[in-house]
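This report goes through one protein model, from single residues up to the overall fold. Please look over the sequence and the structure before reading on.

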Amino acid sequence: NVFSNFRQYALPPPCLLRCDAHAPPWRTGLAEVFDSIVCAPPYGIRAGGRKSGGRKYKQQPYQIPDDKRADHIASTSPYPLGECIADLLDNAARMLRPGGRLVYFLPAATEAYSDG
């Protein structure tokens, strides 16, 4: 796992954060806090990307009733790849420290490219 890899190379353990790039969990105005962002956005090959939200999410502010919090499953809506990448780049531009690195996996259809 990630932590054993860091131990193997005698590196300090990483801070891991899993979140929705469309609705990140950090406070407004927070900037330049990460040295790197490594991710694999949902690119829709086997399953389409989903983001937090839906009809209820648009009604601001949406609050989950107390009696439903224990079993609440957040609603989602489709997350087109272009919007996902735009959110990722916007967040990275704001959240990476100067000199920070953004690494993400994005598959390419090799038949769409040629050597000529």
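Two residues are in contact when they have heavy atoms within 4.5 Å of each other. The model is predicted.

## Ala21 and its contacts

Ala21 sits in the loop between helix H1 (2–8) and strand E1 (34–39). Once its neighbours within four places in sequence are left aside, Ala21 is in contact with Tyr79, Asp87, Leu88 and Asn91. The C-alpha atoms of Ala21 and Leu89 are separated by 9.5 Å, while the two residues are 68 residues apart along the chain.

Is Ala21 buried, exposed or partly exposed? Ala21 has a relative accessibility of 23%, and since buried means under 20% and exposed over 50%, Ala21 counts as partly exposed.

## Asn91 in helix H3

Asn91, one of the contacts of Ala21, belongs to helix H3 (residues 81–95). Its relative accessibility is 8%, so Asn91 counts as buried.

Which residues does Asn91 touch, not counting those up to four places away in sequence? They are Ala21, Pro24 and Trp26.

## The aromatic pair

The structure holds one aromatic pair. The pair is formed by Trp26 and Phe34, with 5.8 Å centre to centre and 65° between the planes, and it is edge-to-face. Trp26 is also among the residues touched by Asn91.

Phe34 counts as partly exposed because its relative accessibility is 22%.

## The largest pocket

The volume of the largest pocket is about 1,000 Å³. It is lined by 28 residues, and those closest to its centre are Leu17, Cys19, Ile37, Val38 and Cys39. H1, E1 and H3 are the elements that give two or more residues to this lining. Of the elements, E1 gives the most, with six residues.

What classes of residue make up the lining of the largest pocket? There are 20 nonpolar, two polar and six charged residues.

## The protein overall

The protein has three helices and four strands. From the N terminus on, its elements run α-β-β-α-β-α-β.

Of the contacts in the protein with a separation of 6 or more, 71% are between residues 24 or more positions apart. Buried residues make up 16% of the 116 residues, and Asn91 is one of the residues that count as buried. The accessible surface comes to about 9,500 Å², and carbon and sulfur atoms account for 54% of that surface.

Key:
Residues numbered from 1 in each chain as written. Predicted model: local features only at pLDDT ≥ 70, side-chain atom pairs only at ≥ 80, totals over all residues. Heavy atoms only, no water. Buried < 20%, exposed > 50% of the residue type's maximum accessible area, 1.4 Å probe, protein only. Areas by Shrake-Rupley, 256 points an atom, 1.4 Å probe, with all protein chains shown as cover. Phe/Tyr/Trp six-rings, centres within 6.5 Å; stacked < 30°, edge-to-face > 60°. 1 Å grid on protein atoms, 1.4 Å probe; cavity = no way out; pocket = protein on both sides within 12 Å on 5 of 7 lines; lining within 4 Å. Points joined across faces, edges and corners; volume = space filled by probe spheres on them. Nonpolar A, V, L, I, M, F, W, Y, C, P; charged D, E, K, R; others polar.
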